[in-house]
Amino acid sequence: ACPSVDEVLEAMRRVADWQLANPSKHRITDWTHGPYYLGLLALHQVSGEARYLEAVTDFGERAKWAPGPRDTHADDHAVLQAWLEAFRLTDDAERLEPTRALFPRLRDALAGRAPASVSGGTFTWCWCDALFMSPAVWVHLADITGDSACLDWADREWWTCTDVLYDPEACLYYRDNKYFERRTETGRKVFWSRGNGWVVGGLVHVLDRLPADHPSRERYLALYHDMMRALVELQGADGLWRSSLLEPEGPVGESSGSSFFTYALAWGLNRGLLKDDRYRTAVSRGWQALCAAIQPDGRLGFVQQIGERPGAAGPQSTEVYGTGAFLLAGAEIVRSLDPSRRRTDLATFEGLTLPARYLREVPRVHVCYVPERLGDFAWENDRIAFRTYGPALRSGVEDSGFDVWLKRVP
């Protein structure tokens, strides 16, 4: 069932008001607040209620519109996205200057590092969550200032991280390089829900501000296509995604990753990039499940606590980034229900068709004719191999048939 605008806004207010009344104990510029401030700004934009903008303004003024203390660490860039959004509302240079001043320090501090991948960057974003925290800041700053240097740097670093951490078969990101060889108890690769949630959140924010003629735009759009196609298949039966994405049969869903995925899917629907009904169904199911995770006091439950790997979450488990992602998802759903509330200051994709794939299709099955076996035909994937007997054997005792081999290793 499709909710009404008022129903979505009411759910957003309940969650936002609970979080405002129960503030996070993390410092104001901590990475955990990045999605939260953006979510409050989104709620202000779709509801028109000034108190949510005033809350972000208060946070920004207390932080002096500055980043966190570490120049090169993506965690300490996350809040800058909200500070730049706040600057666009007032054109007050005081809100812009700390971000503008940080970029040359960041670039100079990393300038001596050797290239870390074929894309030539430094691999300073060496954990996938960082793709939410930092790149959209520099893409947005370039959009404001016209300085292409920060856009070029962010673009190169995005693809350097992707070269290393993206799995083209699963169309998902490893959290970091420690997880390349790790497997779940059921033998599956480990892809963390919230880590990939932060990635898709960062991806749509980059696309929102990336110039239409940028040479990497098609790559970002194809990456978006692949990840959305993969994620919609991994949604749990209850509408939530599991903390370990390749195990959708897990007993309990997780709200923060699910909020980011619902947000990114709704974003694509609103921009005409996702046209299949299965994506609209996934958003509807995701939103209903997230609303069911709201506790009677307004707390968003089932948010996995701070960590770096899949983990459990219960009804009382929450964190401020979960609130933020929920608000971002709700705002996109409001915009889908009432197009008059959509933003007009972001990139448009009218008439655009998503590219088929970011990377070349990975072969799934190898097939070959086997003349040395009297015309057999064989095929195999990474788990099992088959051979069917050729015509020359059909007059003998073997007749026609199949041989099958199960593999111990891929």
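I take buried to mean under 20% relative accessible area, exposed over 50%, and partly exposed in between, with a 1.4 Å probe and protein chains only. The model is predicted, and I keep to its rule that local features need pLDDT of at least 70 and side-chain atom pairs pLDDT 80 or more, while totals for chains, interfaces and linings use all residues. Residues are numbered from 1 along each chain as its sequence is written, and side-chain values use heavy atoms, without hydrogens and water.

**Entry: surface patches**

I looked up patches, which are made of residues with over 30% relative accessible area and no salt bridge, like charges being joined within 9 Å and nonpolar side chains (Val, Leu, Ile, Met, Phe, Trp, Tyr) within 5 Å. Glu61, Asp91, Asp92 and Glu94 gather in one of negative charge, where Asp and Glu count as negative, Lys and Arg as positive, and His and the chain ends are not counted. I place each charge at NZ of Lys, CZ of Arg, CG of Asp or CD of Glu. Glu61 belongs to helix H3 (residues 50-62), helices being DSSP runs (H or I) of at least four residues and strands (E) of at least two, numbered from the N terminus.

Tyr369, in strand E3 (residues 366-370), is exposed at 56%.

**Entry: strands**

I count two strands as paired if DSSP finds at least two bridges between them. Strand E4 (residues 376-380) pairs antiparallel with E5 (residues 384-388) over 4 bridges, and a hairpin of 3 residues joins them. Trp379 stands opposite Phe386 in E5. E5 is also joined by 5 bridges to the antiparallel strand E6 (residues 402-406), where Trp405 is the bridge partner of Ala385.

**Entry: salt bridges**

With a salt bridge taken as a side-chain nitrogen of Lys or Arg within 4 Å of a carboxyl oxygen of Asp or Glu, I find a count of 38. Asp71 and Arg105 meet in one at 2.9 Å, N to O. Asp71 lies in the loop between H3 and helix H4 (80-90) and Arg105 in helix H5, so the pair ties together parts 34 residues apart in sequence.

Methods. Accessible areas come from the Shrake-Rupley method with a 1.4 Å probe; for residues, only the protein chains shown count as cover.
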